[in-house]
Amino acid sequence: MRCLSLALLFAAFAGAVCADDLVLNNVNVVDVDSGAVLAGRSVILSDGHIKEIGAKESLRAPAGARVIDGSGRFLMPALWDMHTHPLEPEALSMLVANGVGGTRIMWGLPRHLEW
């Protein structure tokens with residue numbers, strides 16, 4: 001749960017400073033293609049997008065970038081929940097709070113589009 005929350009925290013930082021640069025140092029990146037965890041990486045985000053991932057020593061932080069120490073934390077893509085039945089708008093916030101970036105609502109109603 002701690003890993004999922006951190007992934008969303010990083011995503012929130014990226015969205016909050018989308019016009020600025022953000023560097024996450026010393027994070028463990030979950031590579032979903034290979035199934036490996038890449039330990040001790042630095043991640044540079046710019047304009048809300050990941051620009052570079054690599055060893056801290058090999059990356060140069062952009063001038064004026066906000067730097068966050070992610071030691072002992074994990075960075076991973078958001079999860080998908082493919083079967084939900086939200087009854088209140090707050091249910092969608094709970095999905096995000098638990099690392100879910102996308103969902104499929106099984107009986108979608110017009111109110112779900114408004115949320």
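Predicted model: local features only at pLDDT ≥ 70, side-chain atom pairs only at ≥ 80, totals over all residues.

Guide: The largest nonpolar core has eight residues: Leu22, Leu24, Val27, Val29, Val43, Leu45, Ile68 and Leu75. Such a core is a set of buried Ala, Val, Leu, Ile, Met, Phe, Trp, Tyr and Cys residues joined through side-chain atoms within 4.5 Å. Residues are numbered from 1 along each chain as its sequence is written, and side-chain values use heavy atoms, with hydrogens and water left out.

Helices (H or I, at least four residues) and strands (E, at least two) are DSSP runs, numbered from the N terminus. Of the 115 residues in the chain, 28% are buried; buried means under 20% relative accessible area, exposed over 50%, and partly exposed in between (1.4 Å probe, protein chains only). Where contacts (heavy atoms within 4.5 Å) link residues at least 6 apart in sequence, 49% of them join residues at least 24 apart.

Another buried residue is His112, with a relative accessible area of 10%, and His112 lies in helix H3. Its side chain reaches the backbone nitrogen of Leu109 at 2.9 Å. Leaving aside residues up to four places away in sequence, His112 touches Pro86, Ile105 and Trp107.

Trp107 belongs to the loop between strand S7 (100-105) and helix H3 (110-114). Because its relative accessible area is 31%, Trp107 counts as partly exposed. Glu57, by contrast, is exposed, at 73% relative accessibility. The place of Glu57 is the loop between strand S3 (49-55) and strand S4 (66-69). Glu57 and Arg41 are 16 residues apart in sequence, and their C-alpha atoms are 9.3 Å apart in space.

The chain exposes about 7,200 Å², of which carbon and sulfur atoms supply 58%; accessible areas come from the Shrake-Rupley method with a 1.4 Å probe, and for residues only the protein chains shown count as cover.

Key:
Polar contact = N/O pair within 3.5 Å; in protein donor to acceptor, adjacent residues only side chain to side chain.
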